[in-house]
Amino acid sequence: DNTVKDTYNNLIAVKECVIHSVTYQMLHQMNLSSCEYSPEVDEFTKAGFTPIDSDIVRPKRVKESPFQMECKLQQMIELGGKPGSGNLAICEVVKFHIAEYILSDGEINPNLINHIGRNGGEWYTVCDKNSLIKVQKPGIIKGIGFDGLPDYVKNSNIYTANNLGKFALVEGFPSLDDAKEFIGSYLITESDEYAFYTYHSNNDYKSMLSVALFILQQENPKARFLLELTAKCAVENNDMDFAWHIAVFAGNLSFNLIS
């Protein structure tokens with residue numbers, strides 16, 4: 001109906017706020033605070049949260065939240081001025097409060113927070129160990145990128161787009177001579193494809209390589225496929241040095257790719 005919420009009015013009046021992370025343990029109390037109470041109603045009381053004094057700003061903090069940010073409003077930007085268009089509040093964080101129980105070795109451990117993420121409508125996401133994934137950040141690394149990948153990697157029918165993204169996050173890859181030397185350090189296991197796929201199901205890419213090399217010795221044209229599948233398994237287990245050596249070796253075989 002194009003009316004503004006108390007959050008907006010409070011920010012405009014006080015120009016300070018506290019932003020909190022919401023955990024699963026706080027979910028339904030947080031949901032209570034979204035009721036359309038009149039401005040004079042204390043939502044701390046309604047939601048059953050514990051108010052505690054902030055150190056710098058005037059608004060209270062929610063004791064139950066493990067991560068709190070005291071903030072000062074810098075700018076309020078109107079996003080359209082029509083019903084549902086909303087407003088964007090840009091705030092400066094002037095102090096963090098972080099509960100010690102969510103820290104591991106001095107860093108925030110997301111597995112210890114049990115965050116809640118807002119989706120839309122009545123839907124939320126629980127950010128726990130079953131939904132969290134860890135992705136290596138480039139940092140100072142300048143990856144070769146997709147355009148730097150050799151064609152035999154980029155055009156492979158085995159590697160997925162995510163696999164290629166990992167391959168591309170390196171500053172260089174081994175030469176064919178390096179790959180051959182690396183391959184030569186592995187024992188060859190006399191076995192068959194059944195054993196190969198058993199190792200594959202267990203993510204044992206090093207044993208997969210030993211079997212694939214035996215199949216290569218038999219001049220079986222399926223060897224390249226098995227070697228690339230080995231490299232893919234190594235990629236998905238974040239052993240990129242191993243993966244690149246196998247990918248270079250497999251990509252330079254003269255056999256046709258057979259799936």
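What is the relative accessible area of K15?

Reply: K15 has a relative accessible area of 46%, and therefore counts as partly exposed; the class lies between buried, under 20%, and exposed, over 50%, for a 1.4 Å probe with protein chains only. The model is predicted, so local features need pLDDT of at least 70 and side-chain atom pairs count only at pLDDT 80 or more, while totals for chains, interfaces and linings use all residues. Residues are numbered from 1 along each chain as its sequence is written, and side-chain values use heavy atoms, leaving out hydrogens and water.

The backbone at this residue also deserves attention. K15 is not a glycine, yet its phi is positive, at about 60 degrees. Most residues other than glycine have a negative phi. K15 lies in the loop between helix 1 and strand 1, where helices (H or I, at least four residues) and strands (E, at least two) are DSSP runs numbered from the N terminus.

Three strands form an open, antiparallel sheet in the order 1-4-5, two strands being paired if DSSP finds at least two bridges between them. Strand 1 (16–20) and strand 5 stand at the edges; each has a single partner strand, so one side of each is left without a neighbour in the sheet. From one strand to the next, the twist averages 35 degrees. Helix 1 (residues 6–14) packs on the sheet and touches strand 1, strand 4 and strand 5, contact meaning heavy atoms within 4.5 Å. The direction of helix 1 makes about 90 degrees with that of strand 4; axes are lines fitted to C-alpha atoms, for helices over the stretch in contact, and angles run from 0 to 180 degrees between N-to-C directions.

Strand 4 (residues 67–78) pairs with strand 5 in the antiparallel sense over 11 bridges. Within this pairing, M69 has F96 of strand 5 as its bridge partner.

F96 leads on to the surface. Together with V93, I98, L103 and I108, F96 forms a nonpolar surface patch with about 380 Å² of accessible area in total. Accessible areas come from the Shrake-Rupley method with a 1.4 Å probe, and for residues only the protein chains shown count as cover. Patches are made of residues with over 30% relative accessible area and no salt bridge; like charges are joined within 9 Å and nonpolar side chains (Val, Leu, Ile, Met, Phe, Trp, Tyr) within 5 Å. Strand 5 (residues 87–98) supplies the largest share of the patch, 3 residues. I108 belongs to strand 7 (residues 107–108) and, at a relative accessible area of 37%, is partly exposed.

D105 sits in the loop between strand 6 (103–104) and strand 7. Although D105 is not a glycine, its phi is about 55 degrees. Its relative accessibility of 85% places D105 in the exposed class.

Strand 8 (residues 115–118) and strand 9 (residues 124–127) run antiparallel and are joined by 4 bridges, with I116 opposite V126 of strand 9. The hairpin has 5 residues between its strands, and G121 in the turn has a positive phi of about 60 degrees.

Salt bridges complete the view. The whole structure contains 7 of them, each defined as a side-chain nitrogen of Lys or Arg within 4 Å of a carboxyl oxygen of Asp or Glu. One joins D53 to K60 at 2.3 Å, N to O; K60 is partly exposed, with 41% relative accessibility. Helix 10 (residues 223–236) holds R224 and E228, which are 4 residues apart and therefore separated by about one helical turn. Their side chains meet in a salt bridge of 3.7 Å, N to O, and both R224 and E228 are buried. K232 and E236, also in helix 10, are likewise 4 residues apart, about one turn of the helix, and their salt bridge spans 3.1 Å, N to O. K232 is buried at a relative accessible area of 14%, whereas E236 is partly exposed at 46% relative accessibility.
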